[in-house]
Amino acid sequence: MSDTVRAFWAKVSPKAADIGAGALCRMLVVYPQTKTYFSHWKDLNPGSAPVMMHGAVIMEGVADAVAKIDNLTDGLDQLSQLHAFTLRVDPANFKVLSHNLMVVMANQFPNDFSPEVHVAMDKFLALVALALSEKYR
Amino acid sequence: MVAWSEQERSIIANLFSNLDYEDVGAKALTRCLIVYPWTQRYFGGFGNLYNAEAIKMNPNIAAHGVKILHGLDRALKNMDNIKETYAELSVLHSEKLHVDPDNFKLLSDVLTIVIAAKLGTDFTPEVQATFQKFLAVVVSALGKQYQ
């Protein structure tokens, strides 16, 4: 899984910010309940400044996770603390965001997001979600 | 009963009228068996599923994927009555095929990703939302008769 994820990430990372913004935007449109976490933003519409910026922030986290893929629990310790004690995102939403990340990857890289890459990425994002919810309880 | 706006009906009609069933159906089921390997439990009699290559080249899987995709045509033609339309198929999946209804969601997610790959810029967030709503209604109807 690690090699496949790293190889695919190397290919798509130049577009990381776009992917993040696209995924976040889709999540807010397709799963409106996720908007509850962003009530402090003035504009939740696709292409708005907060959505674009936050999409990039999320992808920096993903890039970090790829770099620490061999030890996500330790590697994502700080992010886990953030999500557990400050953000308190219901872990079910990690799955929702993961799905939308993969929709965007498939949409923008149809020839690269093969079934083999898909399964590796699905597994990787699930492990990231698990590491992020480590500190919840 | 589920409410559909004119825009949603139009998005669904458009999506299906341009759909390459042979390509998308085969790809969706193939991908489901690779990404969620436990789903292979329902395909014991379909031949070689030994690895991703074998699954991709398996003609029985490809054909069955197309069949499943055509199963969505019923919902397309009866959008205001999806629950009743799928009652019979729900019984089939429960009583005869013994498919865990969680699998419907898995296939539905994979199908969304295959369509996303195929439609490019046409697969806008609105189209995605409508398509996922459509699939969710079908998935719910298919699970209704389980007891």
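## Fold of chain A

Chain A contains seven helices and zero strands. Read from the N terminus, its elements follow the order α-α-α-α-α-α-α. The model described here is predicted.

The C-alpha atoms of chain A occupy a box of roughly 40 × 35 × 20 Å along the principal axes. The radius of gyration of chain A is 14 Å, which agrees with the value near 14 Å that a compact globule of 137 residues would have.

## Domain annotation

For chain A, an unreviewed UniProt entry assigns the feature "domain: Globin" to residues 1-137.

For chain B, UniProt gives the feature "domain: Globin" (unreviewed entry) at residues 3-147. Residues 3-147 of chain B are 70% helix and 0% strand, with the end C-alpha atoms 27 Å apart.

## Packing of α2 and α3 within chain A

Helix α3 of chain A spans residues 49-67. The axes of α2(A) and α3(A) come within 7 Å and cross at roughly 115°. This crossing of α2(A) and α3(A) is right-handed.

On the α2(A) side, the contact is formed by A16(A), A17(A), I19(A), G20(A), A21(A), L24(A), C25(A) and L28(A). On the α3(A) side, V51(A), M52(A), H54(A), G55(A), A56(A), I58(A) and M59(A) take part. The residues of the contact between α2(A) and α3(A) comprise 12 nonpolar, three polar and no charged.

## Packing of α2(A) against α9(B)

Helix α2 of chain A (residues 16-30) also packs against helix α9 of chain B (residues 125-143). The angle between α2(A) and α9(B) is about 45°, and their axes are 9 Å apart. Because of this angle, α2(A) is oblique to α9(B). The crossing of α2(A) and α9(B) is right-handed.

From α2(A), the contributing residues are C25(A), R26(A), V29(A) and V30(A). From α9(B), they are P125(B), E126(B), Q128(B), A129(B) and Q132(B). The contact of α2(A) with α9(B) consists of five nonpolar, two polar and two charged residues.

## The two contacts of α2(A)

C25(A) belongs to the contact of α2(A) with α3(A), and C25(A) is also part of the contact with α9(B).

How values were computed
Residues are numbered from 1 along each chain as its sequence is written. Chains are lettered from A and ligands numbered from 1 in the order in which they are written. This is a predicted model: local features need pLDDT of at least 70, side-chain atom pairs count only at pLDDT 80 or more; totals for chains, interfaces and linings use all residues. Side-chain values use heavy atoms; hydrogens and water are left out. Axes are lines fitted to C-alpha atoms, for helices over the stretch in contact, and angles run from 0 to 180 degrees between N-to-C directions. Helices (H or I, at least four residues) and strands (E, at least two) are DSSP runs, numbered from the N terminus. Angles under 35 degrees count as roughly parallel, over 145 as roughly antiparallel, 65 to 115 as roughly perpendicular and the rest as oblique. A crossing is left-handed if the near helix is turned anticlockwise from the far one by less than a right angle, and right-handed if clockwise. Contact means heavy atoms within 4.5 Å. Ala, Val, Leu, Ile, Met, Phe, Trp, Tyr, Cys and Pro count as nonpolar, Asp, Glu, Lys and Arg as charged, and the others, Gly among them, as polar. UniProt positions are given in the numbering used here, feature names are shortened, and annotations may be inferred rather than shown by experiment. The radius of gyration is taken over C-alpha atoms; the globule rule is 2.2 Å times the number of residues to the power 0.38.
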